[in-house]
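Here's a quick tour of the charged side-chain pairs in this protein. Have the structure open as you read.

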Amino acid sequence: MYLNTHTYYSLRYGTYAPRELLETLQRVGIKRFALTDINNTSACLEILRIASEFDIEVVLGVDFRNKAHQQFILLAENNEGFELINHHLSQFLSAGIPIPDRATSLLHTFVIYPFQPDPIFPLKENEFIGVKAEDLNKLKFSPWKKQLHKLVALHTLSFQHKKGYNTHRLLRAIDNNTLLSKLPETEQGSLKDVLCTPEELQMAFLEFPELIENAKRLLDRCRVQFDFSKEVPNNQRSYTNSEDLDYKLLRKLAFDGLEYRYGKTPSPPVLSRMEKELDIIKLKGFVSYFLINWKIVKYASNKGYFYVGRGSGANSIIAYLLRITDVDPIELDLYFERFINLYRKNPPDFDIDFSWTDRDDVTEFIFKRFKHTALITVYNTFKHRAAVRELGKVFGLPKTEIDLLSKGDFQYTKLDKLSQLVIRYSRLIQGFPNYLGIHASGIIISERPVHYYTATFLPPKGFPTTQFDMVVAEDIGLYKFDILSQRGLGKIKDAVNIIQQNHPEDEPFDIHDLKRFKQDERIQSLLKNAKAIGCFYVESPAMRMLLRKLQVDNYLGLVAASSVIRPGVSQSGMMREYILRYRFPERRKEAHPIMMDIMPETFGVMVYQEDVIKVAHYFGGLTLGEADMLRRGMSGKFRSREEFAKVKAQFFENCEKAGKSKTLVEEVWRQTESFAGYAFAKGHSASYAVESYQSLFLKAYYPLEYMVATLNNGGGFYRPELYLHEARMHQGNILPPCVNTSVSETQIFERDIYLGFGFLYALEANVIKRLLKERKVHGPYQSLDDFIERVPISIEQLSILIKINSFRFTERNKRELLWEAHMKIQKSVLEEPHPMLFKTDRVNYQTPNLSHTLLEDAFDEMELLGYPLCHPFQLLQKQEPQELRAKDLSQWVHQTVKIKGYLVTVKHTATSKGEGMFFGTFLDEEGNFIDTVHFPPAAKKYRFRGKGIYEITGKVMEEFDCITIEVSKMELLPIVEDPRYAEGAVQTRIHGKRYKNVV
């Protein structure tokens, strides 16, 4: 009967959430049904896993459709049939071809075609015709009446009720990108596709009860089963095709790595830890998991790719010996049980970061090397603002109205009927899956074919991608390999190459020599004074202030700071407590003795993720298995809230039996719960600190080269302009692009930094490519005429190059060059130049006597780059002397001051009452940072109005040697008028000189 049931994973069609569907079916007494989402298997394993809670059996299948038109339904007789259906669907999804009218013959499957009065083709043994209640009158006069054994009762269930149907129509309009009023009937389901009770269906098919029985028999013939116990991982079980050989290889690799990591005579603790880990890795069946990670990083290493191994796996000495990570668990006393323990069912978590330029190649290697591989999907759901925008378009609202609704800038009762419908239905579809995306890093490598579990689709990256997410993958025992990309590694790699080019005479250095870096005084000074702009993970305003407060000048301090900065630690109030105990040893006496005993290194304060396990185990008396369950539950990765609740209750019960005070236990629980989902594992923090130290070394000794590498890798926390400012602070000479010197990326020659053509917003990539190719083949350009003859270019594109002063080698006024360019070139792009036997002279036009100023250059740069290359303070309309500087603020604590600052970045946050407030970062005229706090009253009254120089009024505050200004007033200061469009004479002072522009 229930052979065609949809969830909201029938994307932009169905309206049932999986659990809601099961609850509904249970309520009306349905014991067995077929889940057949449209061209999708996302919900299959999730519903199969939880169906037993509702005493319901689920048959798995797929509703194959072209858009909303049903072609046929495939049901899986068993697991083999499910695999074949997944493979079949994947072929259509990957190729993007229409689904045919006739299903391909697949073993262990059943096919149901929609009813048509006249047979089109003879049915095979496993093929049936699905008859809906509304088809019964036609059936009475159809040849199918004589073949009732091939007919089954078919009721489609897609929506809950009339409101669910209305939601469905809106989703269909979104999918078709059309107004609701213009949605074709062929692109929507039927209002009858709502829930019918078994009794109602029996009544509907009263004249043809055989069809009901046929449907039941068909359902009874289908049974797909999966093991959700997670007792045995379903990842690729063997690396060498022999589990015994796998273990021998792992032991050999571990012993081979001892000398590199610990010298020729490793200490007993090292050998003991190694043997302990090897035993448990073998016992838990994680040997191939380690070997596959080793193979991935070995490939990367052979290719010269930089990488960082992190995650809980960084707590492992085996990972350290195999060079998966660069973190020594013995030196850092990393907690073994966070990495792995006998109670843990899932393997340790390895996050391997590669440069953004190398990650795709590594991914391609994984797909070629390992047979059953796929990326993991993410469900991109409707968020409130996106839902409002989509529904606003569907209802035909004007853009201005949609903007107001999406911002929440309205009173519901004062809205018109259509706008109220938009808001009402946007709340209904909020959280619905909208489309399938790609997980940022997750890859599964399975023992069985991936289609045994799910269908796959082919996103633009070109790698097969599952239709279920990482949580469902873990439910079925498939644990992902995290292959991430980050720009920090690209910066380090490029900086090393740039240094070799710009300083060929310098002695080579080993960027992986962490022992040297830990003892380097320059690096210690950068850390302690928070001079780490551009450096990985330590450059943000929040981290800069934390480093100052902690006065960190060593590796272990940075490891702790990397986790302390995470939201959970600060939100639990533990960040402040940690700073107090770090700076004032007498404060450490306030720590509870048990907590101090558990976490002496962090003075009894929970800082790392494993601290949750320690506190739960030693303070709360939980087993290690229960403690890890608690950690996973708090991080949102745990699915059974009932089981989590039992562990929580056990924690409180154990504490009560141990005689701990209720107040203390509740406070410990509050701290644990508030921070566990955000904190880093200590090994993870240590991995981050390694990369931070590498970037700090480059910043300490080669700041200009490192800033150039930072710019070429997309910057970091800040906009490119700040990294140019940082280079200028280190005596770098910042120059605009030059057609004879520059390339796409920024380059450095000694101290001269030439911006790359790629930094010009409107300059087309093909123009850059032609310019560079021609220069490489035929040498530098001699003049503007020579450039025009050799490079096919439009006047618009040429104007960009002239305005940014890239023809300054001609020593001609750029206004004259612009005039000449307009006379000599047409608006359309020229054809490719052909070699000529004789070179003819171009006609030269007499141009007026024109002049330009450096002020004009600044405005051209703002237009083309987004920022001026001169000092922004030189563009202020009023050039008033500013006596107060950022370095003087410490002398004005608790006093109200007025200071000018150039806006760098703003962070928006909210108070505990939900009121908006801001943290601002500015630069003063000398280039030093000003940090501001904008509490709600000031934030409402004095808003940020974009980039520029602000006059800031407020009280100077100091906390742990960190200076901030609590803003009471703020005003964006006007800059000079753009001389390119101004009337009359404009004068300004740039680089200490006066220039006059007469228009």
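## The overall count

How many salt bridges does a search of the whole structure find? The search turns up 56 of them. Keep in mind that this is a predicted model.

## Glutamate 53 and arginine 19

Here the two side chains come together in a salt bridge, with N to O at 3.0 Å. Arginine 19 belongs to helix H1 (residues 18–27), while glutamate 53 is in the loop between helix H2 (44–50) and strand E3 (57–66), so this pair ties together parts 34 residues apart in sequence.

Both ends are partly exposed: glutamate 53 has a relative accessible area of 49%, and arginine 19 has 36%.

## Aspartate 326 and arginine 261

Next up is a salt bridge between aspartate 326 and arginine 261, whose closest N and O atoms are 3.0 Å apart. This one links distant parts of the chain, 65 residues apart: arginine 261 is in helix H9 (residues 258–262), and aspartate 326 is in the loop between helix H12 (317–321) and helix H13 (336–339).

Aspartate 326 is partly exposed at 34% relative accessibility, whereas arginine 261 is buried at 11%.

## Arginine 273 and glutamate 277

What about a pair inside one helix? Arginine 273 and glutamate 277 form a salt bridge at 2.9 Å, N to O. They're four residues apart in helix H10 (residues 268–284), so about one helical turn separates them.

Arginine 273 is buried, at 12% relative accessible area, and glutamate 277 is buried too, at 0%.

Key
Residues numbered from 1 in each chain as written. Predicted model: local features only at pLDDT ≥ 70, side-chain atom pairs only at ≥ 80, totals over all residues. Heavy atoms only, no water. Salt bridge = Lys/Arg side-chain N within 4 Å of Asp/Glu carboxyl O. Helix = DSSP H or I, 4+ residues; strand = E, 2+ residues; numbered from the N terminus. Buried < 20%, exposed > 50% of the residue type's maximum accessible area, 1.4 Å probe, protein only.
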